[in-house]
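Dear colleague,

Please find below the structure that I am handing over to you. My findings follow it.

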Amino acid sequence: MTYSYTQISQYLTCPRRYRHRYLDGWQEKDTRAAMGFGRAFERALTAYFLREDAAGVLFREWAAYQNQPLHYSNGDSWDRMLQQGIQLLDRFCQDGRIRIRQPRRNLQIKFSRPLSENNDFVAYIDAIGKVDDTRCLIEWKTTSSRYPEEPDGLLALDPQLVCYSWMTGIPEVAQIVFVRKRLVEVQYLRTTITDEQRQEFGQLVADTIGRIESAQFLPHSGIRFPQNPCSTCPYVGLCLGKQQLVEIDLVRRPGAENLGWLDELTY
Ligand code: SF4
């Protein structure tokens, strides 16, 4: 079995959610404009480091979504997002704070790590390069609002960065956040992940996989208002038995009905 950060994080959010997604094959419909834009923007960043026409790549990649029935939030539109994307690329280029040597090797890098005889863990790191002259593992993020920077040091608790530091052994990590707002902004957030955090994350992964392999999928739905994850969970229709919600939010991957492989699990 190959595990990833997304899988571990889905299980930790709610084990029942993990079961819906990875065992029963239910997937959220890909209709959020922000997701498509994020993918198009990452391709444009790759083009930028390869010294290609980044704005042209952004237009071409984002054009593929233009006639799709996407859900735009916060008054967004296809044109507005394109314009913000181009402004963000301009700002990023003017800042000139990131250097990626050998971009064909150091962008979208696959790391895998054996966990046991039967399991391994895979991560795709957006980039490894220099942020203001410090060599870092880099993650790109696109968002419509700024990432919080207070209290000081908050970024060191980001579980995805801790995971990627554990995977690569690189302590210096950075999130480059492209904020689509009226006046666009690029945040350059950097922190250091400690040895202890990496070790703890390894233990968390082992512990989580142990629970998955012993088929512990009880729902974690009891967190009180307003922090109840069920209210924003795409699988809420399944948990409530409401077919109409299931049809709106989810699709089922063909063949995923076959749960025979569950018998292979070690209890
Ligand atoms: S709706 Fe709630 S209980 Fe059901 S999978 Fe989502 S978070 Fe878990």
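I begin with a point of local geometry: helix 2 is followed by G25, whose phi is positive, near 85°. Please bear in mind throughout that this is a predicted model.

Of its 9 residues, 8 are buried, so the helix is largely enclosed by the rest of the structure. The buried residues are P15, R16, R17, Y18, H20, R21, Y22 and L23. Their cover includes strand 1 (2-4), helix 1 (5-13), strand 2 (26-28), helix 8 (195-213) and helix 9.

Helix 2 (15-23) also takes part in the ligand site: together with helix 9 (236-240), it is one of the helices that each supply at least two residues of the shell around the ligand. That shell has 9 residues, and the closest to the ligand are C14, R17, C230, C233 and C239. By class, the shell comprises 6 nonpolar, 2 polar and 1 charged residues.

Leaving aside residues up to four places away in sequence, W62 touches A33, G36, F37, A40, L70, Y72, W78, M81 and L82.

As to the protein as a whole, it has 10 helices and 9 strands. The radius of gyration is 20 Å, which agrees with the value near 18 Å that a compact globule of 267 residues would have. Along the principal axes, the C-alpha atoms fill a box of roughly 55 × 45 × 35 Å. Of the 267 residues, 43% count as buried. Among contacts between residues at least 6 apart in sequence, 66% join residues at least 24 apart. The protein exposes about 15,300 Å², of which carbon and sulfur atoms supply 48%.

With kind regards

Key:
Residues numbered from 1 in each chain as written. Predicted model: local features only at pLDDT ≥ 70, side-chain atom pairs only at ≥ 80, totals over all residues. Heavy atoms only, no water. Near = heavy atom within 4 Å. Helix = DSSP H or I, 4+ residues; strand = E, 2+ residues; numbered from the N terminus. Nonpolar A, V, L, I, M, F, W, Y, C, P; charged D, E, K, R; others polar. Rg over C-alpha atoms; globule rule 2.2 N^0.38 Å. Buried < 20%, exposed > 50% of the residue type's maximum accessible area, 1.4 Å probe, protein only. Contact = heavy atoms within 4.5 Å. Areas by Shrake-Rupley, 256 points an atom, 1.4 Å probe, with all protein chains shown as cover.
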